[in-house]
Amino acid sequence: MKIQRIAKRLDDAARYGEATPQLTGEDALTLEEAYAVQRLLIELRLARGSRQVGLKMGFTSRAKMAQMGVNDLIWGRLTEDMLIEEGGTIELPRYVHPRVEPEICFLLGKRLEGSVTALQAMAAVEAVAPALEVIDSRYKDFKFSLPDVVADNASSSGFVVGAWQHPSIDLSNLGLLMTFDGRAVEMGSTAAILGSPVRALVAAARLAAEQGEALEPGSLVMAGAATAAVALRPGVAVRCEFQSLGSVAFNTQGEA
Ligand code: OOG
Ligand code: MG
């Protein structure tokens, strides 16, 4: 069946780091079908022994929407195998065309489901951390339609979380600077994330509920990038410094 076939194709592309063509003709998906593919894709990974640890939001900033040519919020699932150790080194050959982007990560202490206010969302947060996401579309040339990217688990590939901080920090407008080997590659503010990253958490609860899921205590939520994503090169020290939140870093090695 179509959903299974596409899930397997995207799973293989991710496992072997090989690009796959965009979903056209018979393989074109509706948004609803795309989330069904994503669910199945993650089930394949869970069957190999991984665990779902949370979810990620996509296209929560104008910078990302403009970079990728889409206009809607999407979400994807985070699994344990995607976690990159803070300060660690990733091997680029396992990716297709990896990029990095600055994000905020929430750790939930309470359950969130469906329609919640920003106040309710923040009350459910146990801790916040500076974070980096490594995205890697499995599609050729990093090009996709909205259903394509949803099916591909919102291009998610890896994520790095810095030291956890108390959630009382006002996240609405924190300056940030992302550097490669100490040179600035992107700078911005957490205000770029829907005006404030807490709105990404509100949207996560709503969008997950549309697919019948709740955000459980202990789960992580990545708020979406504050700036455009930057292509990774081998042998680079990647770091992002956030006002009031501290920094998060990792290194790359090997040709992609
Ligand atoms: C899709 C993922 C978007 C974000 O933070 O906006 C995303 C992509 O850009 O390939 O992760
Ligand atoms: Mg992202």
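Which residues does the UniProt annotation "domain: Fumarylacetoacetase-like C-terminal" cover? According to that unreviewed entry, the annotation covers residues 80-249; UniProt positions are given in the numbering used here, feature names are shortened, and annotations may be inferred rather than shown by experiment. This is a predicted model, in which local features need pLDDT of at least 70 and side-chain atom pairs count only at pLDDT 80 or more, while totals for chains, interfaces and linings use all residues. Residues are numbered from 1 along each chain as its sequence is written, chains are lettered from A and ligands numbered from 1 in the order in which they are written, and side-chain values use heavy atoms, with hydrogens and water left out.

**The annotated region**
- Residues 80-249 are 15% helix and 35% strand; helices (H or I, at least four residues) and strands (E, at least two) are DSSP runs, numbered from the N terminus.
- The C-alpha atoms at the ends of this region are 19 Å apart.

**The five-stranded sheet**
- An open sheet with mixed pairing has the strand order E4-E13-E12-E8-E9; two strands pair if DSSP finds at least two bridges between them.
- Strands E4 (89-91) and E9 (183-189) stand at the edges with a single partner strand each, so one side of each lacks a neighbour in the sheet.
- From one strand to the next, the twist averages 20 degrees.
- E4 pairs with E13 in the parallel sense over three bridges, and Ile90 stands opposite Thr252 in E13.

**Strand E12 and its neighbours**
- Strand E8 (residues 175-180) runs antiparallel to E12 and is joined to E12 by five bridges; Phe180 stands opposite Val238.
- Strand E13 (residues 246-253) also pairs with E12 in the antiparallel sense, over six bridges, and Asn251 of E13 is the bridge partner of Ala237.
- Three residues lie between the strands in the hairpin of E12 and E13, where Ser244 takes a positive phi near 65 degrees.
- In a regular strand, side chains alternate between the two faces of the sheet.

**Two packed helices**
- Helix H1 (residues 2-16) packs against helix H2 (residues 31-47) at an angle of about 55 degrees, with the axes 8 Å apart; axes are lines fitted to C-alpha atoms, for helices over the stretch in contact, and angles run from 0 to 180 degrees between N-to-C directions.
- The contact (heavy atoms within 4.5 Å) involves residues including Ile3, Ile6 and Leu10 of H1 and Val37, Leu40 and Leu44 of H2.
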